[in-house]
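Let's take a friendly walk through a protein model and the molecule it holds. Have a look at the picture first, then read on.

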Amino acid sequence: MAEYSQSLLELLEKRCPGEIPMHMPGHKRNKNLAPYLKRLSADIDITEIDGFDNLQRASGILLESMKNAAKLYGSYRTFFMVNGSTGGILSAVHALTMPGDTAIIARNCHMSVFHAVALRRLKAHYIDPEYDHNFEVVASMSPYAIEKALIKYPNTRLVVVTSPTYEGVISDIPKIAEIVHAHGAVLLVDEAHGSHLDRSPYFTGGAINAGADIVIHSLHKTMPSLTQTAIAHVATAKKSQRFVEALETYQSTSPSYLLLASIDACIRLVIEKGDDLFLNWHNALNAFDESVASLKNLSVLCHGNDSLDKHPGFFSFDKGKLFISTLDTDLSGPELMDLLREKYKIEAEMASSKAVLCMTGLGDTAYNLNQLAYALNDIDGQIKLAARRDSVINMPSLEISMTIAEAEERPWREIPLAESLGQVSGEYIMAYPPGVPLSIPGAIITEDTLSCFELRRDNGVKLKFSRSRDSSSVAVL
Ligand SMILES: Cc1ncc(COP(=O)(O)O)c(C=O)c1O
């Protein structure tokens, strides 16, 4: 293995020039063919040729790199993926279930989990997490709610939980894992937003060493790695074997070596310089905290004046997330997002009805966070306090009349949204981001569902319908 102590990127740079490529890809590493090929580093964009290993049957440099990652994260096995957490979640659900199995799914899971439920024809029971009325945000998943569901559905094979959430809320994974295993089921944690957790004392609460069976990370969300790069951590040999088989179904047979080199380099960077980098990030966030402590109108979840102890529904919180609430002001989330972009050149991650989410990552500098704090203070001085509208639950419970798979196979028709109360949805409806569906095929459209749509629309949040062509109508069965 010693020959692989160099990084994948170094190997690509060393080996690629001078060879005559009689293999894919068709640009033939000829960066002189067109300027875009040079800019996109086509000279090191190869396929699985001799000396570069094979992701599906790794035995060389990729295996060594995945072993390094497993050591870093303390997992039994770690797998590299080039189709984001989406590919990892589809593969993990496939690996951990048989078709038609029963599953308990946290209501606030990402679309990819619902797609996996459909593909495996699972009988899913959706459990609502706690709710934080203070910030009107979904809180942690209660271990006891999961236990109750496991008692009610004793044949459950799989439990899926998202932790941290998009907004940064962490659930009690050690307790959840203990309960799930005591009931003979397995636990998948969608930790897409938490690949930085437990790599330093400053960001904790990760699932890998807390008993989860599979943990999925979008490396690209918070760590310095290219978009689409993700890793999966699997707890046992048997599950690893099933995961590898499932990955063959959901992942390209031609993985991008640019993406693989990015994962390899990111892992190496954390091993070599993680201590300093995490400390810098933490210090920049602390300075941000101090600068936003005097905000009068806006508030930042678990930052500045706000703190974890004010949120009884939170088990823990990832300080890397900056969820800025406009709840008690005359400003909507999309209005704040536009202001940040237009006046301060700050592009936020997402706007919901009354909040904006700014994501931080290992690549952030103190300057970035300073600028954001300056902008928030400036805006805060110009807006007014306004009475909060009546509290609306942001995420309606799912009342299911049939499985997603059954619903997808039925004929459907489009009707005006205003006439859809009580009908069974024939489609996914969501705001993207965050990609958590407000309704799914087979769910009943309730008053709560409709008021959630209305709330978003009134505040300028666009909804995405998977079937109907026009957002004033909806596909029903
Ligand atoms: C909680 C969660 N899980 C999974 C995903 C999918 O991740 P990816 O975009 O890496 O496929 C997302 C994407 O935003 C997400 O927010």
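The ligand sits in the largest pocket. Keep in mind as you look around that this is a predicted model.

**Around the ligand**

Which residues come nearest to the ligand? Out of 13 residues around it, these are T86, D190, H193, S218 and H220. Sorted by class, the shell contains eight polar, three nonpolar and two charged residues. Helix 4 (84-96) and helix 8 (219-222) each provide at least two residues of this shell. Helix 4 gives the largest share, with four residues.

| Residue | Distance from a polar side-chain atom to a ligand oxygen atom |
|---|---|
| H193 | 2.8 Å |
| H220 | 2.8 Å |

How much of the ligand does the protein bury? On its own the ligand exposes 390 Å², and the protein buries 87% of that.

**An enclosed space**

About 40 Å³ of space lies in the largest cavity.

What lines the largest cavity? Its lining is made up of Y73, E191, L197, D198, R199, G206, A207, I208, N209 and H217. By class, that lining has four nonpolar, three polar and three charged residues.

Definitions and conventions: Residues numbered from 1 in each chain as written. Predicted model: local features only at pLDDT ≥ 70, side-chain atom pairs only at ≥ 80, totals over all residues. Heavy atoms only, no water. Near = heavy atom within 4 Å. Polar contact = N/O pair within 3.5 Å; in protein donor to acceptor, adjacent residues only side chain to side chain. Areas by Shrake-Rupley, 256 points an atom, 1.4 Å probe, with all protein chains shown as cover. 1 Å grid on protein atoms, 1.4 Å probe; cavity = no way out; pocket = protein on both sides within 12 Å on 5 of 7 lines; lining within 4 Å. Sits in = over half its atoms within 2 Å of the grid points. Nonpolar A, V, L, I, M, F, W, Y, C, P; charged D, E, K, R; others polar. Points joined across faces, edges and corners; volume = space filled by probe spheres on them.
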